[in-house]
Amino acid sequence: MDYDYDVVVIGAGPGGSMAAKTCAEEGLNVLLVEKRQEIGAPVRCAEGISKEGLERFFEIDRKWIAREVSGAIIYSPDGTELKLSSEMAGNEVGFVLERKIFDRDLARMASKAGAEVIVKTTATGMEREKDGLRIRLKRMGEDYEVTAKIVVGADGVESRVGKWAGIDTTVKLGEIESCVQYLMTNIEFDPDFCHFWIGQKYAPGGYVWLFPKGESSANVGIGILPTMTKKTAKWWLDRFVQEYYPDGKIVEFVVGGVPVTGPIDTAVSDNVMLVGDAARHADPITGGGIANAIKGGYFAGKVAKEAVDAENYSKEFLRRYDEMWKNDFGKTLHRNKLLQKKFLKLSDETLDRLIRSIAGYNLEEISVKRLVLELIKKNPKLLWDIRHLFT
């Protein structure tokens, strides 16, 4: 059978556009579909990514970067500060992006490589068509269909592609962070650092973040687990803002959910691969997912090429994609899920004690692994049960 496309990618976030770009560069016939009128807007994340996360795949364009930061400062509930260098602070600091520009440029790269990109188009259904798929699309009120050998679902937390394909991406109660973020101006902070406030005092089951966008503007947001508080995320954020930045001006307001399930068993089915939030690739500790989405999109593109060459679109063949993301960042997702479970059980007093135990330590000389081992060394009774995660 002749198909309209080798690959249809649903969703033009970083994961979807990266998948489309990679497929097109490999010579595949690709359609990239975005439901929103404008790629990259509205922004639905804190926009942080490590330098390595970008430099691994792109030559950095400075217009993507709102702010380059040198590290992170973590504040315990009693206000004790812990400074981390960018190398140590995890995969969410280094650059604060301008997602509206970055996402648009990434989709443009996919287009330049040969992908067909359409916006304001929604995928409304998908069904099997011989050894491929028929995808129903709706654009400007008009329904129509296309066929493809492979569909890459990059359609976010509530992925319909995953449901249509029967991939188990179930999010259990207590495994999705409720998030609210303000873009604020007229606030004072150290713009060379991302800032994080942890503990039940600030954000039950999550944390408050401040990601600099300029000298006096920043993304100020919060993620909480609704199972741990009866108040809404907005209530908690408003309380924080009133206390710390009462004179700040809110110029943008976004809400969303971030799945923190840890790695799922598989992100593939016959003819289908999932990337980004659709594949539950957000980090359970930080909630960040841009870097993993980009990597997942790249891996999916490479495997799509192999599948088209082999004329084999079975889930058994596409499990190569599972192997690639699991070998790259799957173990970290698993480890950080276990860490998240551990830290959710700690009281604010215990968090204060942990942060105080290493505050002032020369952290620039050690790695994240060494940092946690140092915490275990200084607090063996508290953290003995997680020592195996770092050995």
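This is a predicted model: local features need pLDDT of at least 70, side-chain atom pairs count only at pLDDT 80 or more; totals for chains, interfaces and linings use all residues.
Residues are numbered from 1 along each chain as its sequence is written, and side-chain values use heavy atoms, with hydrogens and water left out.

**Exercise 1. Thr 80**

Find where Thr 80 sits, and decide whether Thr 80 is buried or exposed.

Step 1: Look at the loop between strand 5 (71-75) and strand 6 (81-85), where Thr 80 has its place. Strands are DSSP runs of E, at least two residues long, and helices are runs of H or I, at least four residues long, numbered from the N terminus.

Step 2: Recall the cut-offs: buried means under 20% relative accessible area, exposed over 50%, and partly exposed in between, using a 1.4 Å probe and protein chains only. Thr 80 has a relative accessible area of 16%, so Thr 80 is buried.

Step 3: Leaving aside neighbours within four places in sequence, Thr 80 is in contact (heavy atoms within 4.5 Å) with Ile 74, Tyr 75, Ile 355, Arg 356 and Ala 359.

**Exercise 2. Gln 340**

Step 4: Now compare sequence with space: Gln 340 and Gly 262 are 78 residues apart in sequence and 9.6 Å apart in space, C-alpha to C-alpha.

**Exercise 3. The cores**

Which residues touch the most other members of the largest nonpolar core?

Step 1: Start from the meaning: a nonpolar core is a set of buried Ala, Val, Leu, Ile, Met, Phe, Trp, Tyr and Cys residues joined through side-chain atoms within 4.5 Å.

Step 2: The largest core has 56 residues, and those with the most contacts to other members are Val 8, Ile 135, Ile 150, Val 151, Val 272, Met 273 and Tyr 321.

Step 3: Turn to a second, separate core of 31 residues, which includes Ala 72, Leu 354, Ile 376 and Ile 386.

**Exercise 4. The annotated span**

Describe residues 176-258.

Step 1: UniProt, in an unreviewed entry, places "domain: Digeranylgeranylglycerophospholipid reductase catalytic" here; such annotations may be inferred rather than shown by experiment.

Step 2: The span is 14% helix and 47% strand, and its end C-alpha atoms lie 5 Å apart.
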